[in-house]
Amino acid sequence: MAPAGGSGSSAAGKMAPSHVLKCCQRVLAWVPVVFIALVVAWSYYAYVVELCVFTITSIGEKVIYLVIFHLSFVMFAWSYWKTIFTSPASPSNEFSLSKTDKEQYEKEERPESQQEILRRAAKELPVYTTTTSRAIRYCDRCQLIKPDRCHHCSACDLCVLKMDHHCPWVNNCVGFSNYKFFLLFLFYSLLYCLFVAATVLQYFIKFWTNELPDTRAKFHVLFLFFVAAMFFISILSLFSYHCWLVGKNRSTIEAFRAPMFRNGPDKNGFSLGCQKNLREVFGDEKKYWLLPIFTSLGDGCNFPTRLVIMDPEQLAVSSQNETVKSSSTSQPFPTRPLSESQNRLLAGDNQWVEVSSEDETVKSGVKKHIIVSLES
């Protein structure tokens, strides 16, 4: 009995350091957020107290500066708060394996047999992307089939819908649930830094040329200009990059590794045109676009894909080949991707033009084509 007790205490001893390490990691993860919060708190004091109260003499200038400053400050703080404390969205239960499938999957040792189980489970799911080896995207950690654009975040230890990246400056995973908030956080950070730098510049020059007396405010104003300008330059490049991603309907992960569709990798597979891509992130009602309120379209599990223009003969041959191929390989994917007409983004647009057997007969000797209307 003594050895058993010894092994139990040994296991407990091993778990204790691991638990302490995880706690330390969680505490350290908040260091960048605390740093940003302290910089913002100091900038508020330096601008409001040292600049507006003690340095600026004109009452009218003080009022205008303070009103605009507080508007930008509130919107920045609001969007930053929402980015930090909005929990990442995870796949729904329908993407989890049933108890029977899970037991069979764990018993199987051959990857081919495991893939067969996953194919059966994914047959009714809206999954249109695979791994580079044409396998079902499955997360062993979360034990679920990954929806399109979903990835496992090692920092958050969960699968995140439409994952973009894990951001240490917000100590959160940026994905479907908070991507709009993240973009607004960058946008209002730019406005905040630009306004502070622009209004402080004249007093920065006056202090530098000794036109104003040396006071405590001098050092606050000097550093405030440098900090605002530095953050503006660094955030501008990041914001510009994410604006480009939104226009292309890509995540940061997809920009570096194109999603794999049944016809091969395609970085523009989810792009519907710039206007519709914007609406997918910010929603249909433009009055809410600049507010950190969730208005993104969809559920994060199901995304419309770009339609491929091809003529009826090619479509018929392709469909037949894919049907034979899918029956032999048990592929769960439909013969065509989820079309735009299946999403409310394109409720009023033209849908697929189906080709009947009568229409396929040659009436005028001119080959017909499927025409798809896409907004640029």
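Over residues 217-241 of this predicted model, the chain is 100% helix and 0% strand, with the end C-alpha atoms 36 Å apart. This stretch is one of those that an unreviewed UniProt entry annotates as "transmembrane region", the others being residues 27-47, 63-81 and 181-205; such positions are given in the numbering used here, feature names are shortened, and annotations may be inferred rather than shown by experiment. Over residues 63-81 the chain is likewise 100% helix and 0% strand, and the end C-alpha atoms lie 27 Å apart. Residues are numbered from 1 along each chain as its sequence is written, and side-chain values use heavy atoms, without hydrogens or water. Local features need pLDDT of at least 70 and side-chain atom pairs count only at pLDDT 80 or more, whereas totals for chains, interfaces and linings use all residues.

Helices (H or I, at least four residues) and strands (E, at least two) are DSSP runs numbered from the N terminus. Helix α7 comprises 33 residues (216-248) and should span 48 Å at 1.5 Å a residue, in agreement with the 49 Å between its end C-alpha atoms; the expected span is 1.5 Å times one less than the number of residues. Asn-249, which follows α7, has a positive phi near 55°.

Pockets were identified on a 1 Å grid over the protein atoms alone, as open sets of points where a 1.4 Å probe fits, with protein on both sides within 12 Å along at least five of seven lines; lining residues have an atom within 4 Å of a point. Grid points are joined across faces, edges and corners, and a volume is the space filled by probe spheres set on the points. The largest pocket holds about 580 Å³ of space. Its lining consists of 20 residues, of which Arg-26, Ala-155, Cys-156, His-166 and Asn-171 are the closest to the centre. Two or more lining residues come from each of α1 (2-29) and α3 (59-85), and α1 gives the largest share, 4 residues. By class, this lining has 9 nonpolar, 7 polar and 4 charged residues, where Ala, Val, Leu, Ile, Met, Phe, Trp, Tyr, Cys and Pro count as nonpolar, Asp, Glu, Lys and Arg as charged, and the others, Gly among them, as polar.

The second largest pocket contains about 480 Å³. Among its 23 lining residues, Ile-36, Phe-185, Phe-231, Ser-234 and Ile-235 lie nearest the centre. At least two lining residues are supplied by each of α2 (31-53), β5 (165-167), α6 (179-208) and α7. This lining has 19 nonpolar, 4 polar and no charged residues.

Across the whole structure, 28 aromatic pairs were found, a pair being rings of Phe, Tyr and Trp (its six-membered ring) with centres within 6.5 Å; planes under 30 degrees apart count as stacked, over 60 as edge-to-face and the rest as tilted. The rings of Tyr-44 and Phe-69 form a tilted pair, with centres 5.7 Å apart and planes at 45°. This pair joins helix α2, which holds Tyr-44, to helix α3, which holds Phe-69, across 25 residues. Phe-69 is buried at 0% relative accessibility, whereas Tyr-44 is partly exposed at 30% (buried means under 20% relative accessible area, exposed over 50%, partly exposed in between; 1.4 Å probe, protein chains only). Phe-69 also forms a tilted pair with Tyr-192, the centres being 5.4 Å apart and the planes at 45°.
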